[in-house]
Amino acid sequence: FGGRGAGGEPTAVAVVSDLLAIARDEVPFGVRSSVLHADVSPEVTSAYYVRFTVADRPGIIASLASAFARHSINIDAILQEPGFPIGRRPFVVSLEPAPASSIERALNDLAAFEFHGEAPVALPVLSVVSTGVPA
């Protein structure tokens with residue numbers, strides 16, 4: 001989750017509290033009662049956040065870009081913060097919207113590379129879609 005808020009722990013508590021209320025079919029504080037429920041297709045097209053932890057060496061980003069390009073997935077941005085050990089260097093790749101099956105195939109291709117310190121984490125970035133229903 002991203003955006004302005006009270007800070008990490010207070011925001012996490014609020015989010016978990018709201019999720020528990022929704023799971024109990026309650027309406028969380030501040031949420032409109034006209035919440036629409038929608039089924040999510042396993043073939044949803046969305047942007048993705050992918051976190052890699054690698055043993056750093058030249059050519060890793062080129063390998064990632066090549067694997068994503070083979071599946072018609074465009075990279076939006078790459079972020080790597082300094083200060084981590086070279087053997088377990090985390091970085092994040094944000095991807096432009098793509099079908100879930102394309103992301104899965106690209107990650108399967110990338111699994112063959114030996115630079116991974118741990119398995120990548122890929123999360124869809126869900127956004128609010130206008131339904132035409134007034135708020």
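I began with helix α2 (residues 60-70), which lies across β1, β2 and β3 (89-99) and runs at about 15° to β3. For me, contact means heavy atoms within 4.5 Å. Helices (H or I, at least four residues) and strands (E, at least two) are DSSP runs, numbered from the N terminus. Axes are lines fitted to C-alpha atoms, for helices over the stretch in contact, with angles from 0 to 180 degrees between N-to-C directions.

I noted that this is a predicted model, where local features need pLDDT of at least 70, side-chain atom pairs count only at pLDDT 80 or more, and totals for chains, interfaces and linings use all residues. Residues are numbered from 1 along each chain as its sequence is written, and side-chain values use heavy atoms, leaving out hydrogens and water.

Next I looked up helix α3 (residues 100-110): it lies across β1, β3 and β4, at about 145° to β3.

Then the sheet. Its four strands are ordered β2-β3-β1-β4, open, with antiparallel pairing; two strands pair if DSSP finds at least two bridges between them. β2 (75-79) and β4 (116-125) are at the edges with a single partner strand each, so one side of each has no neighbour in the sheet. From one strand to the next, the twist averages 15°.

I followed β1 (residues 45-54) to β4 and found seven antiparallel bridges. Tyrosine 49 has leucine 123 in β4 as its bridge partner.

Last, I checked valine 125, which sits in strand β4. Valine 125 is partly exposed at 42% relative accessible area (buried is under 20%, exposed over 50%, partly exposed in between; 1.4 Å probe, protein chains only).
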